[in-house]
Amino acid sequence: MAAAAGAASAAAAPATSQDPMNALRAAALRRSAPHWCAAAAAAASFFSPPFRPRRCRFRRAPAPVAAARTPRSRASAKARAKLLAEAEPRDPWLASLSLLPTDDGAAAAAAAAAAPTGWAIGVDPDTGGAIAVLSPDGSSQVFDNPFVHIVVSEVIRKRLDTKSIIQLLRGLKAPPGTTAYIEKSSPFPTDGKLGWWSTGFSYGLWIASLVSSGFSVVPVASQTWKAYFGLSRSESPKDDSRQAASILFPDKVLSLKLKKHHGRAEALLLAAYGKGLMLPSGKFSKTPT
């Protein structure tokens with residue numbers, strides 16, 4: 001029987017045991033199996049989150065509830081509307097551009113009656129602009145804006161000469177209280193930051209100089225006075241301004257013959273706009289392109 005059992009066990013043994021290479025491979029796999037299991041368990045424990053995932057809860061904002069108006073809120077709204085209705089309509093900044101009294105009363109009426117009539121001043125505030133003075137007898141004067149040369153970022157630029165502007169205003173024959181019509185500052189987007197700064201500086205300097213010299217200042221948009229003289233949407237606005245000023249002021253034709261004299265023309269037209277002068281019909285024609 002022992003021989004039979006040995007034969008049965010030999011027959012039950014796998015055929016791979018007869019090959020020495022297969023026996024070595026099986027032994028190596030048996031020895032490495034515990035290590036692979038340990039590594040897999042360590043990796044699972046490393047990458048698994050140490051906390052339970054929590055669900056994100058979104059809280060919806062409560063719907064706005066229309067608050068009922070109380071009698072007190074209605075009363076305050078009516079009081080505010082009344083104050084706005086009774087507020088003075090004039091712009092406080094525009095009122096500050098005049099040295100005349102701005103309150104209603106006998107003093108304001110007397111100042112308005114004493115204000116000179118027939119005089120008008122026009123100012124083109126740019127460095128290449130000018131100042132024009134119209135007198136009651138119809139005569140006119142025009143002066144180029146005084147300026148100095150300075151160096152900005154290694155570039156020579158023009159800046160208004162404040163001292164010369166004050167001296168020029170003091171030498172004018174126009175009496176104190178004369179209204180000066182100045183073109184509003186409107187720099188172009190393509191001018192750059194230095195151009196914007198220079199335009200605003202010149203505009204503010206002229207306003208301060210005029211008010212401190214006793215003149216009342218009225219800013220006028222370029223579109224306003226150009227539309228008044230029919231210069232809107234002109235293809236050559238500077239040339240057309242010189243032509244219009246030469247028609248209104250024939251004694252200034254020689255002073256307006258060059259292209260660089262457009263500042264003088266605009267100053268004359270601003271003063272003419274303030275005085276209510278109009279171009280003769282049929283004498284002005286826009287420059288053809």
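Predicted model: local features only at pLDDT ≥ 70, side-chain atom pairs only at ≥ 80, totals over all residues.

Student: Why is Lys 252 called buried?

Tutor: Buried means under 20% relative accessible area. Lys 252 has a relative accessibility of 10%, so it counts as buried. Its place is in the loop between helix H9 (237–248) and helix H10 (262–275). Apart from neighbours within four places in sequence, Lys 252 is in contact with Ser 140, Gln 141, Val 142 and Leu 268.

Student: What makes the pair of Lys 252 and Asp 251 a salt bridge?

Tutor: The definition asks for a side-chain nitrogen of Lys or Arg within 4 Å of a carboxyl oxygen of Asp or Glu. In this pair the closest N and O atoms are 3.0 Å apart, and the salt bridge is counted. Asp 251 has a relative accessible area of 53% and is therefore exposed, the cut-off for that word being over 50%.

Student: Which residue forms a salt bridge with Arg 264, and what is the distance between the closest N and O atoms?

Tutor: The partner is Asp 144, and the closest N and O atoms are 2.8 Å apart. This pair links distant parts of the chain: Arg 264 belongs to helix H10 and Asp 144 to strand E3, 120 residues apart.

Student: What separates Asp 239 from Arg 242 along helix H9?

Tutor: They are three residues apart, which means a separation of about one helical turn. Asp 239 and Arg 242 form a salt bridge with their closest N and O atoms 3.0 Å apart. Together with Lys 259, Asp 239 and Arg 242 are linked in a network of salt bridges. The structure holds four salt bridges.

Student: How do you know that the length of H10 agrees with what a helix should span?

Tutor: The expected span is 1.5 Å times one less than the number of residues. For the 14 residues of H10 this should give 20 Å, and the end C-alpha atoms are 20 Å apart, so the two agree.

Student: Why is H10 called largely enclosed?

Tutor: Because 11 of its 14 residues are buried, H10 is largely enclosed by the rest of the structure. Among the buried residues are His 262, Glu 266 and Leu 270. H10 lies across E1, E2, E3, E6 and E7, running at about 35 degrees to E2.

Student: What makes E3 and E7 the edges of the sheet?

Tutor: The five strands form an open sheet in the order E3-E2-E1-E6-E7, with mixed pairing. E3 and E7 each have a single partner strand, so one side of each is left without a neighbour in the sheet. From one strand to the next, the twist averages 20 degrees.

Student: How do you know that E6 pairs with E1 and with E7?

Tutor: Two strands pair if there are at least two bridges between them. E1 and E6 run parallel and are joined by three bridges, and Ile 121 stands opposite Ala 180. E6 and E7, also parallel, are joined by five bridges.

Key
Residues numbered from 1 in each chain as written. Heavy atoms only, no water. Helix = DSSP H or I, 4+ residues; strand = E, 2+ residues; numbered from the N terminus. Buried < 20%, exposed > 50% of the residue type's maximum accessible area, 1.4 Å probe, protein only. Contact = heavy atoms within 4.5 Å. Axes fitted to C-alpha atoms, helices over the stretch in contact; angles between N-to-C directions.
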